[in-house]
Amino acid sequence: MVLASGDREANATKWTALIIAILTFIVSLPLWFAFDSSTSSMQFVERVPWIPSFDVEYYMGIDGISMPLIILTTFITPLVVIAGWEVIKYRPSQYMAAFLIMEGVMVGVFSALDAMLFYVFWEAMLIPMFLIIGIWGGANRVYATIKFFLYTFLGSVFMLVALIYMYFQSGSFDILGYHTLKLDLTEQILIFIAFLLAFAVKVPMWPVHTWLPDAHVEAPTGGSVVLAAIMLKIGGYGFLRFSLPITPDASHTLDWLIIGMSLIAVVYIGFVALIQQDMKKLIAYSSIAHMGFVTLGFFIVFIISQNNAGSGAALGVQGGMVQMVSHGFISAALFLCVGVLYDRLHSREIKDYGGVVNTMPVFGAFMVFFAMANAGLPGTSGFVGEFMVILASFRADFWYAFLAATTLIIGAAYTLWMVKRVVFGDVTNEGVAALEDMNQREYIVLGTLAAAVLLLGLWPAPLVEVMDASVNNLLQHIAVSKL
Amino acid sequence: MENIYLTIVLAPLVGAVIAGFFGGSIGRSWSHWVTSTGVGISTLLSLYVLKGFMFDNAEVFNGSVYTWMVSDGINMEVGFLVDQLTAVMISVVTFVSFCIHIYTIGYMADDEHNWPKTSLAGRNSYQRFFSYISLFTFSMLMLVMSNNFLQLFFGWEAVGLVSYLLIGFWSVRPTAIFANLKAFIVNRVGDFGFILGIAAIAMYTNSLDYAEVFAKAPGLADTQIQIWGDSSWSLMSVIGILLFIGAMGKSAQVPLHVWLPDSMEGPTPISALIHAATMVTAGVFMVARMSPLYEFSETALSFVLVIGATTAFFTGLIGIVQNDIKRVVAYSTLSQLGYMMVALGASAYAAGIFHLMTHAFFKALLFLAAGSVIIGMHHDQDIRNMGGVRKYMPITYWTSLLGSLALIGFPFFSGFFSKDAIIEAVHHSTIAGSTYAYWLVLAGVFVTALYSFRMFFLVFHGEGPRDEHAKEHIHESPKVVTVPLILLAIPSVFIGYLTIDPILFGDWFKDVLYVLPEHDTLAAVQAIVHSGNGMLAHTYASPAFYLAMAGLGLAFYIYMLNPALAEKIKSTLSPLHTLLDKKYWFDEAYQAVFAAGSRGLGKFLWLAGDRGLIDGLAVNGSAYSVGWLASVVRHLQSGYLYHYAIAMILGLLLLLTWFVFL
């Protein structure tokens, strides 16, 4: 609808896009409220044949792991539409349409239970994002899009091979069937590595992360928000839906690799973030460091299970999940904050700002709030996941927790140093002196996110509850060797 | 009762929210009314709770408010533990906070002059300030009333946040926003240890609830863990030291003390409230609260003792050479925090809390008096420019005198009882490091008296103020400033004498602070002096008393009788003076090693790792090699028919050879 109406009635198309996005969010809410958190089996299942000759089905269903991520997707999309309202002057209808398509595809990724369907959604996701960066992006957008596309595509091709291999082994594309498929260790390791290539690029994990800062810098604000808030989560989700349950023994054998990469992400990337001059790059690096907690939380479970006879492992997985949702809010908010500044002065360089709070006090308050959330201040959502993962990783090894906890220092340093140079101080140039504070549209978007960050920080119990059964089921499943 | 506790906590929060979000529309006076009323309600209710414990045998309350989260069998809750220790803490916090709310009405009255005219942030700064100090009160109350480690950490970080916001309150000043960043990050270094300590507790007790953890502590006393290779550590020592690293950050103990003097960039009321009376004592409170854990590790206690003693003496020395009135008081705070830590290390937890309480009153008083002088001097803070202020500001003068006497431990004043108790307790302690600590805290008494009265004489006595303009305009501060001074002067004088018997020698903390019999240094002190009156009677036998008098006398001689001597001493001992003036070069060293080091490391990892290896070699390198390969292979596709024909013939020949001969 949005595409068809074209740019002549730009206003009408924007409203259509907004109404559809909000309706989607409202329609997705029953997933939360009607969700039965006592069971780990798939709910709201739809299953019809799609391409019978290849046994491909349209098979959808959600559990406690995918549901929060779907709600996150439908929650973020309307905000992105609002954020792009006046900013996007060039082909606004296509812009809005790209995000709506994106939303649909991402929900598809989170709910697909048929491997082929999943793969179709997974690859389809690249197209709108490719266009969003390529058409509405910055000066160096061509390099960034190609890098983004090749990086992610390279990873996913191996995943396709693994999925097809398992089809030949099991005779169907049922993902849940793969969970119980018998595989020997060599098969598992090869499949695990194939998945790892796909998911590690998406998360992104060190050392396959370098596409992300480039993509973020060139992407328009809305693109960065969707990229950071949702697309990165698909990598984390993949580990939980595919790697851990399908190849538990390989995951166990290679857990040192993932843990090492995660800890490098937390520490190494933290230092790299410290010296960035470009605000978007800084937040992009901060995203990588925060996503390190997600993968760390997921893969310490094996060591904890050995050390502690099984108790304490759920804390890590749930912490990783909470971190994903929380990072969805916070990174979205920080990219939107940079967007607010960029729309006014057309610069992302830290040195072009300074003393912004003197002309934009309300914006300054939001920026400090989200910066604190990014630094993991208790009471905000940023704390919850990090706290859980640090607690869990202490059970695995003192030094894991030690390295993970350095984020308390490094995270605060890079975030607040940026805030100091951008928000505080005296007005440094005429551009800043002429800034106008946030308008109502920006206020609504950042206010909504602030409320979400605060709510999740003060009362994470509901979120942990809905995923509890699914996570415990997953842990029981992977505790049993497939060999 | 639960509703009372909730009200105590929430009343300041409500005030903070109203003043913070609607300060612009409700205006200045409504903002200070609503916040002061909120804290006022908390103060009255806290005193009511305290009265309950004092006279009515009130029951200890330990209950949860709501469940934050349940994960993996660990119940994480928000809840309150209200016992005798909590009652003392909330009374001190709310009372001092209330005095400071009132004082702020006067101190911040013309805050718009501190901002550039065009700054929109300066427009509601008055309201915002009230919102912040009420928010601080809320956070501090959450910290001290918590019944679990999660909420403790929440309060711990929340007070850090407000401290950050308030140190950088005048955000247009470069020094202020440098100081607040430094404060936050140094505190985070402490929190880094703290969160690991909490993680260790969660791992070995599977709980974050105080009562459950404390109940399991004796059973874990002999647990050993391996951290590095095969060397084994006592679990309790590891937990104790990790938690104490948190306390070192928050309570500014060497070597994490560097943020506190810089925090003086904030407005004076918060220097009094946050950076002297309450927040910085959170570490002391925490260690005392965790006495059931610390008692099982002499290593951790020794660590506390040695760090505390080092802080007490060496930061006190710096106070002697400072010339900024607020910085002198700040170094004095550092030194006194060291005394409290020494008490904890000697297992005299009650003495630590006792000194925390008396110090909260007299140090808040000294800071507010310093603020009053600063108002009088039109925001000149250099004590060398002052002098003779006594004539112009009599109330400030007299209250300062009372505060200073309390600080140096003059007999009968509150500081006398609390500081002497600490010194005597350390004297009886037998754990490692106690001799070192004893001599340092004893020498510290002399230092305390010297820097306190150096400042006192320079500010209030002699000729001055130096500046003629200042001399014409200086006058006593308004009532909103002087009334809080008087309100704080009363407990500064009397609270020690009135409460020493129940707190130190009675059973006030009997069930709250856990002390093993072999560590009970306070009992040894009690065996000698018996009571507060006994301590007064023993004054003549206490070396601390003579040292304090000597310090006072020396200050009097140098700064009243023979002013030229100060310069002479300074030039004779110039290396020592430089050492102290440069604060042992901590700041410079940290700046060079940690700040510059992290930036350098970041730059290296970025340029060599991300840009060089990964992007340069792996990513773009493979892109270039594909490009190179293509450019080579491209020559095969020449487009000439005879090239293709010859290739076909050669290929055919090769295939034939293959089939025929193999």
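Me: Happy to look at this predicted model together. Among contacts in chain A between residues at least 6 apart in sequence, what percentage join residues at least 24 apart?

Reply: In chain A that share is 81% of the contacts between residues at least 6 apart.

Me: What makes chain A as compact as a globular protein of its length?

Reply: Start with its make-up, which is 23 helices and two strands. For 483 residues the globule rule gives 23 Å, and the radius of gyration of chain A is 22 Å, close to that value, so the chain is as compact as a globular protein of that length. The C-alpha trace spans about 70 × 55 × 40 Å along its principal axes. Buried residues account for 63% of chain A.

Me: Why is Ile132(A) called buried?

Reply: Being buried takes 20 or more other C-beta atoms within 10 Å. Ile132(A) has 24 within that distance, so it is buried. You will find Ile132(A) in helix α6, residues 126-136 of chain A.

Me: Which residues does Ile132(A) touch, leaving aside those up to four places away in sequence?

Reply: Ile132(A) touches Ala98(A), Ala219(A), Pro220(A) and Gly223(A). Phe99(A) is 33 residues away from Ile132(A) along the chain, and their C-alpha atoms are 8.3 Å apart.

Me: Why are α18(A) and α19(A) described as roughly antiparallel?

Reply: Helix α18 (residues 381-396) and helix α19 (residues 398-405) of chain A pack at about 150 degrees, and their axes are 5 Å apart. Angles over 145 degrees count as roughly antiparallel, and therefore α18(A) is roughly antiparallel to α19(A).

Me: What kinds of residues make up the contact of α18(A) with α19(A)?

Reply: Nine are nonpolar, one is polar and none is charged. On the α18(A) side they include Phe394(A) and Ile390(A), while the α19(A) side includes Phe398(A) and Tyr400(A).

Me: How many residues does each chain bring to the contact between chains A and B?

Reply: Chain B brings 48 residues and chain A brings 46. On the chain B side, β1 (61-71), α4 (149-167), α5 (174-205) and α26 (586-633) each supply at least two residues. Sorted by class, the chain B side has 30 nonpolar, 10 polar and eight charged residues.

Me: What does UniProt place at residues 146-448 of chain B?

Reply: The unreviewed UniProt entry puts the feature "domain: NADH:quinone oxidoreductase/Mrp antiporter transmembrane" there. In the model, residues 146-448 of chain B are 75% helix and 3% strand, with the end C-alpha atoms 34 Å apart.

Note on methods. Residues numbered from 1 in each chain as written. Chains lettered and ligands numbered in written order. Predicted model: local features only at pLDDT ≥ 70, side-chain atom pairs only at ≥ 80, totals over all residues. Helix = DSSP H or I, 4+ residues; strand = E, 2+ residues; numbered from the N terminus. Rg over C-alpha atoms; globule rule 2.2 N^0.38 Å. Buried ≥ 20, exposed ≤ 12 C-beta atoms within 10 Å, placed from the backbone. Contact = placed C-beta atoms within 7 Å. Nonpolar A, V, L, I, M, F, W, Y, C, P; charged D, E, K, R; others polar. UniProt positions renumbered as here; feature names shortened; annotations may be inferred. Axes fitted to C-alpha atoms, helices over the stretch in contact; angles between N-to-C directions. Parallel < 35°, antiparallel > 145°, perpendicular 65-115°, else oblique.
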